[in-house]
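Please consult the sequence and the structure alongside the text.

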Amino acid sequence: MPAEFAAAIQAQREQIAEIAQELGIKPKVQP
Amino acid sequence: MRQIAFRMTAAAVLTGLVMLVAPAQSQAQSWPQRPVRLIVPFGPGAGADIGARLLSERLPARWGGKAVVIENRPGGDGLLAIQSFLSANDDHTFLFTPAGNFTVHPFQYDKLPYTNADLVPVARVSNTILGVGVPATMNVGTIADWVARAKAEPGKFNAAVVPGITEFTFDYFVKTAGLTLTKVPYRDIVQAATDVGEGRLQIYMASYAILQPQTEAGRIKTIVVNGRERAPILPNIPTAREAGFPALEVEGLVGLFGSRTLPKELVEKIGADVVAATK
């Protein structure tokens, strides 16, 4: 369960990163 | 002789493993020893707060009667709640939040008071239903109709936006749909819905809990939901992908996050308890 939740969050992080790239927004920090 | 030596070595290794695992198992069995805190990055009444309160009612029965206390820490795009969670640094304090509250932080802030490793996923509890609402007075049937209207009047439509994952996703939609409109930033998510319902703005992407009162009052039409699947409570509203605008697709992951100091066995136990309490 925790692993599935972690995987879903990682997928969302990757989706956000792809959208940011499409929008030309670079990450300001790498947490 | 060699076989005896091997058996002795194997026994020693096994004993060592048992000694390593036993304290963690014992900790999982005896946890919790005191009340458990759930820190929520919203005020009372928000979707995540309601979910947290449901857990606070159900979990004590699984946790030897120990209370589950909700602490609301709204503001700062979720950073106030995260800081409060980190400062506790114990195995009885958890963050209860939509993941979208922090997954966009790296694109919003130059410095963050945490790393990804500080927020250990424990259990997914629910999906916030996200939707796109437009004024009912616009009389649009679908999001495609709305986009056609917006394209016919470039620069005349205003969108209510709240910083975070919804604004991010909405920006992507605007770009891929080729729209020109003005974004009006809001901090008060309820006021944004009120203003859309009164026709002062022409579109707003938000949790359905925020759109619902205006939708039920007939002032807002919710034209799509943003999840991969239709929301069970809104079976007649298409997903953004079904409606032809996959750029608007995003999941409203909501769940519990624990301290990085939690042993894995305890994370598994608490996760199982939380998921069981939601059924």
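## Helix packing in chain B

The helices α7(B) and α8(B) cross in a right-handed manner (the near helix is turned clockwise from the far one by less than a right angle). This is a predicted model, in which local features need pLDDT of at least 70, side-chain atom pairs count only at pLDDT 80 or more, and totals for chains, interfaces and linings use all residues. Residues are numbered from 1 along each chain as its sequence is written, while chains are lettered from A and ligands numbered from 1 in the order in which they are written.

Helix α7 (residues 189-197) and helix α8 (residues 208-216) of chain B have axes that come within 9 Å and cross at roughly 35°. Axes are lines fitted to C-alpha atoms, for helices over the stretch in contact, with angles from 0 to 180 degrees between N-to-C directions; helices are DSSP runs (H or I, at least four residues), as are strands (E, at least two), numbered from the N terminus.

## Domains and the chain interface

Chain B is assigned domain 1 (31-128 + 253-277) and domain 2 (130-248), with bounds from an automatic or database assignment. Their C-alpha centres lie 29 Å apart.

Between the chains, 32 residues of chain B are in contact with 20 residues of chain A (C-beta atoms, placed from the backbone, within 7 Å). Helix α6(B) supplies the largest share of the chain B side, 6 residues. The elements that each supply at least two residues to this side include the following.

| Element of chain B | Residues |
|---|---|
| α4 | 105-108 |
| β4 | 120-127 |
| α6 | 165-177 |
| β10 | 253-258 |
| α9 | 264-277 |

Notes:
Contact = placed C-beta atoms within 7 Å.
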